[in-house]
Amino acid sequence: MNGRFPIAGIHSFLCREQEQGFVFPGESHPMPELIYVEQGTLHCVAEGREVLLHAGELTFFGGDRWHMLYADIGMAPRYASVIFEPVKLDISPLLNRKFTASSQVKNALQQMILEQAQPDAYAEGVQLSQLCLALVQLLREQKTAPGERIAAPNGENEIIRLAQQYVSTHVREKLSVPQVAEQVDVSPSYLTALFHKHLDISPGEYVRRVKLQESKRMIREEKMNFTEIAAALQYST
């Protein structure tokens, strides 16, 4: 397979419509990830830097970059996430940029989504070939249409990243804005200003939405009742 394809394989492929106002608290992994929005809008935050993707747009996270995703209240985006391992393809020109998918790229990604919805014995091979096609086409196009560069990181981005990571890893604890601000060594008012400036959301609302998303996940697991989930997430009710 490696001799034929410039990609060793697809580690994971996800495509679905999320609930309104959904939040993915964040993760990092050693492989690059492609995010493509099929409908609606989606906020992507990597290393404290945010990019807003509209339908038909995509971006890439490099390996080992902590990132999180969220949607605006009332917005239920549908997006595809592809984590893959390139072996013979230098995708560095695509990293940290936002692209509008051309018809060729869009067709390739839509074919991947179709194969995911109607899988058979050949679906994985088709998805791999279509991902290769999309990446090669993007690399060709970026020479004349390099996409929108995401702003370089700075100290403010790092504060936001650390705050988001702290919330993600301590979601089952009682969290407050002063507590999170103390962990990243800034004042609550400054942290609030940074979240409004870069993410258009207050840190208090961010904490509430991350906890709400975790409660939904726990409800789906059906291992606890509502009272136990409220207690586990440090809710008073």
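## Terms and model

Buried means under 20% relative accessible area, exposed over 50%, and partly exposed in between (1.4 Å probe, protein chains only). By that scale Lys197 is exposed, with a relative accessible area of 57%.

This is a predicted model: local features need pLDDT of at least 70, side-chain atom pairs count only at pLDDT 80 or more, and totals for chains, interfaces and linings use all residues. Residues are numbered from 1 along each chain as its sequence is written, and side-chain values use heavy atoms, leaving out hydrogens and water.

The whole structure holds 11 salt bridges (a side-chain nitrogen of Lys or Arg within 4 Å of a carboxyl oxygen of Asp or Glu). Lys197 pairs with Glu156, with the closest N and O atoms 3.0 Å apart. Lys197 sits in helix α5 (residues 188–199) and Glu156 in helix α3 (residues 155–169), 41 residues apart. Helices are DSSP runs of H or I, at least four residues, and strands are E runs of at least two, numbered from the N terminus.

Glu19 bridges to Lys216 at 3.7 Å between the closest N and O atoms. Glu19 lies in the loop between β1 (7–17) and β2 (23–27) and Lys216 in helix α6, so the pair ties together parts 197 residues apart in sequence.

## Within helix α6

Glu221 and Arg217 both lie in helix α6, 4 residues apart. Their closest N and O atoms are 2.3 Å apart in a salt bridge. Glu221 is partly exposed at 37% relative accessibility. Shared partners join Arg172, Glu214, Arg217 and Glu221 into one network.

Ser215, also in helix α6, is buried at 9% relative accessibility.
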